[in-house]
Amino acid sequence: MMKNLLLFIAIAVVFANCQKPDTKNTENQIVIGTIDSLHSTILNETRKIWVYVPPHTSEKTKYPVLYLLDGDGHFDSVTGMIKQLSTINGNTLTPEMIVVGIPNTDRTRDLTPTHVNIVFGDSTFSKTSGGGNKFFDFIEQELFPFIEKKYPSTSYKTFVGHSLGGLMVIDALVKRPQLFTNYIAIDPSLWWDNQLLLKQADSVLSKNKYDGKSLFVAVANTMDEGMDVKNVTKDTTEVTLHIRSILQFATATDTKKDNGLHFGWKYYSDDDHGSVPLIAEYDALRFLFPWYKLKGLDKFFNPTSKATPEDLIAMITSHYENVSTHFGYTVLPPEEFINSIGYAFLSTKPDHAHSLFELNIKNYPASGNVYDSMGDSYLAKADTLKAIELFTKAIEVGSPATKEKLEKLKAGKRPGV
């Protein structure tokens, strides 16, 4: 029965390697990323990468990076989820991130840490296996510098992989923990090479420290009917080796409370090996960033609240100091986010809005939009002269859309706020 599971994985390998991106230029298309490429001296081949960069208003804006194995297979879902969780509907559950999808050239070669032979009939699907170490050299020595030079990236990195890709995610955590901050292993193939990595991981994760690192492991339901996660651990047949290996890793890692690793795992009873990535990616992103969303704004919108504008600014400042600690570098409150909160307060608590717009001017003095917003704040206070001054400043700094507002104001007409 184990051969049936391996056959499924082998078919998935072939399918993944045969996927071709649609690069035809058509009018009115929705573009979510760029197909870039770099030549790898280490792998002796040119590698395509799929890159998504969030829309940004400032050249100084930089983003964490999520590196995605089997990139062409999961690129759409991961970029969509990150956009949904970071910006859509006002969400700030996760940070905006650059996504670097790594399509395959020889999947079995790159996504296995050791060489083994797995034979199906007259073919050996694993004949090139065992190139994982060289693949990590490519990522560390060639891909990282390429991304850092060409795209607005920071040093905060997340690594995501499914199946053999999940195997390599755990291999990276065990052998090269310095490469990434976060690790997401989706139904990882820990059965590989007689569970060699599983055995290595237990020892390494017990003795080393992983402060500031996070790992989320997803477990799909690959059992026969009638089995569950409790009784499957007692099974000894090959058909359950895949899930037993993952459960063994998850339960053992769960007991290692002193190594500093932020660890979580989840079993998906309604999803198999092929369907689990979508839901697991969502849960993993939610797991990784419980500290990112600003909480406590509701009390300031309460009409009876005694909280002052100073209290509001202090709360926001403290929150982003904590976010900066997690990222390992200074993170300012996002301009667009603070601006949107400011306008939400403008009609009911103008002093709160004014303080928020002041914060944006302090943090983003080169943005014309922050002066435009402060001009609207003065308009709400009926201070036309000061509004004209701020609108003029906005245009000087680089907000051409403010010109129409300024002209109306000078003509004695009140622009819409």
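Analyst: Start with what covers the buried residues of α10: the list includes β3 (63-69), β7 (153-162), α9 (298-301), α11 (335-346) and α12 (350-363). Helices (H or I, at least four residues) and strands (E, at least two) are DSSP runs, numbered from the N terminus. The model is predicted: local features need pLDDT of at least 70, side-chain atom pairs count only at pLDDT 80 or more, and totals for chains, interfaces and linings use all residues. Residues are numbered from 1 along each chain as its sequence is written, and side-chain values use heavy atoms, without hydrogens and water.

User: Which residues of α10 are called buried?

Analyst: Buried means under 20% relative accessible area (exposed is over 50%, partly exposed in between; 1.4 Å probe, protein chains only). In α10 the buried residues include Leu 312, Ile 313, His 319, Tyr 320 and Phe 327.

User: How do you know that the span of α10 agrees with its number of residues?

Analyst: The expected span is 1.5 Å times one less than the number of residues. For the 19 residues of α10 (residues 309-327) that should give 27 Å, and the end C-alpha atoms are 27 Å apart, so the two agree.

User: Why are α13 and α14 called roughly antiparallel?

Analyst: Angles run from 0 to 180 degrees between N-to-C directions, with axes fitted to C-alpha atoms, for helices over the stretch in contact. Under 35 degrees counts as roughly parallel, over 145 as roughly antiparallel, 65 to 115 as roughly perpendicular and the rest as oblique. The axes of α13 (residues 368-380) and α14 (residues 384-397) cross at roughly 170 degrees, and the pair is therefore roughly antiparallel.

User: What makes α6 and α7 roughly parallel?

Analyst: α6 (residues 192-207) and α7 (residues 241-254) pack at about 5 degrees, so they are roughly parallel to each other.

Key. Contact means heavy atoms within 4.5 Å.
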